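Please read this note with the model open beside it. Each point can be checked by selecting the residues it names.

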Amino acid sequence: MQIPYFTETDHPQVKSLSHYSDQELLTLFQRHPEEGKYFTAIFCRYSPIVYTLIAHSGRSPVQVDYLFALTWRHIYYAMMELDLRGASAPGMENFNLQNWLINITALCINQADVPPVESIHYSLEAASPPLWCYTYQALDFLPPLQRLIVLMSQTFHWSEARISAYLQTEGETVSPHQVRSLLISGLQELQQSLPADIREIYLGEDGTVEKQESLL
């Protein structure tokens with residue numbers, strides 16, 4: 001079994017947090033939702049354990065990668081809800097992040113409804129789980145029609161003509177040219193809705209619309 005190496009581990013934004021404890025990173029993650037580096041640092045610290053557990057679940061490599069991303073997306077939202085008040089919060093007196101992550105991973109392995117390989121469009125190489133999480137979160141800021149166009153283009157690789165034809169069957173009169181315009185502006189808005197440090201870590205200072213492709 002080959003455990004993936006994630007290049008963001010070597011990014012200065014992430015390396016600068018290596019001396020923080022799990023509890024400190026978790027606290028900073030909750031206090032600063034506008035920054036993505038704290039979640040990314042936790043991901044880099046524990047991705048080998050999570051990936052190893054999932055890789056032993058007996059699924060195909062494509063399904064393993066997809067479940068790995070789904071698990072981290074579940075972890076992302078679950079960590080937001082964790083009560084970190086210590087002894088005053090039931091069950092948190094002896095909280096251990098590693099054990100909690102292992103339990104969450106086991107839950108996802110047992111309960112996740114992973115589709116067949118041919119239905120999976122996610123690529124671990126194209127979008128590391130932290131980038132995937134923040135990209136999907138940024139989608140919520142797009143208007144519904146624009147969000148649908150971005151998803152059909154980036155997830156299913158539909159052409160502007162096919163998207164236009166589909167929208168017409170749904171009662172939306174949008175020409176292929178208008179689809180293209182909405183797609184470009186949607187990708188630009190999607191990029192700008194990402195936390196600034198996530199754009200720096202994953203897209204670089206010259207992150208462009210084209211680099212958004214295949215993230216969804």
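1. Basis of the note. This is a predicted model, in which local features need pLDDT of at least 70 and side-chain atom pairs count only at pLDDT 80 or more, while totals for chains, interfaces and linings use all residues. Residues are numbered from 1 along each chain as its sequence is written, and side-chain values use heavy atoms, with hydrogens and water left out.

2. H4 and H6. Helix H4 covers residues 61-81 and helix H6 residues 129-139; helices here are DSSP runs (H or I, at least four residues), numbered from the N terminus. The two pack at an angle of about 60°, and their axes are 9 Å apart. Axes are lines fitted to C-alpha atoms over the stretch in contact, and angles run from 0 to 180 degrees between N-to-C directions. H4 and H6 are therefore oblique to each other (angles under 35 degrees count as roughly parallel, over 145 as roughly antiparallel, 65 to 115 as roughly perpendicular and the rest as oblique). The crossing of H4 past H6 is right-handed, a crossing being left-handed if the near helix is turned anticlockwise from the far one by less than a right angle, and right-handed if clockwise.

3. On the H4 side, the residues include Phe68, Trp72 and Tyr76, and on the H6 side they include Trp132, Tyr134 and Tyr136; contact means heavy atoms within 4.5 Å. By class, the residues of the contact of H4 with H6 are 13 nonpolar, 1 polar and 1 charged. Ala, Val, Leu, Ile, Met, Phe, Trp, Tyr, Cys and Pro count as nonpolar, Asp, Glu, Lys and Arg as charged, and the others, Gly among them, as polar.

4. H2 and H3. Helix H2 (residues 22-31) packs against H3 at an angle of about 145°, with the axes 8 Å apart. Here the crossing is left-handed. Among the residues making the contact are Leu25 and Phe29 of H2 and Phe39 and Ile42 of H3. The contact of H2 with H3 has 9 nonpolar, no polar and 2 charged residues.

5. Aromatic pairs. How many aromatic pairs does a search of the whole structure find? The search gives 19, where rings of Phe, Tyr and Trp (its six-membered ring) pair if their centres lie within 6.5 Å, and planes under 30 degrees apart count as stacked, over 60 as edge-to-face and the rest as tilted. Tyrosine 51 and phenylalanine 68 form an edge-to-face pair, 5.1 Å centre to centre with 75° between the planes. Tyrosine 51 lies in helix H3 (residues 37-55) and phenylalanine 68 in helix H4, so this pair ties together parts that are 17 residues apart in sequence. Tyrosine 51 is buried at 8% relative accessibility, and phenylalanine 68 is buried at 0%; buried means under 20% relative accessible area, exposed over 50% and partly exposed in between (1.4 Å probe, protein chains only).

6. The ring centres of tyrosine 66 and tyrosine 122 are 6.5 Å apart and their planes are at 55°, so the pair is tilted. Tyrosine 66 is in helix H4 and tyrosine 122 in the loop between helix H5 (97-111) and H6, so parts 56 residues apart in sequence are tied together. One aromatic cluster includes Phe6, Tyr51, Phe68, Trp72 and Tyr134.

7. Serine 47. Serine 47 lies in helix H3 and is buried, with a relative accessible area of 4%. Leaving aside neighbours within four places in sequence, serine 47 is in contact with Phe6, Phe68 and Trp72.

8. Methionine 1. This residue is in the segment before helix H1 (12-15). Methionine 1 counts as exposed at 60% relative accessibility. With neighbours within four places in sequence set aside, methionine 1 is in contact with Thr52, Ala55 and His56.

9. Helix H10. In H10 (residues 196-203), the buried residues include Asp197, Ile198 and Ile201. The buried residues of H10 pack against H1, H3, H6 and helix H9 (176-193). Glycine 204 follows H10 and has a positive phi, near 75°.
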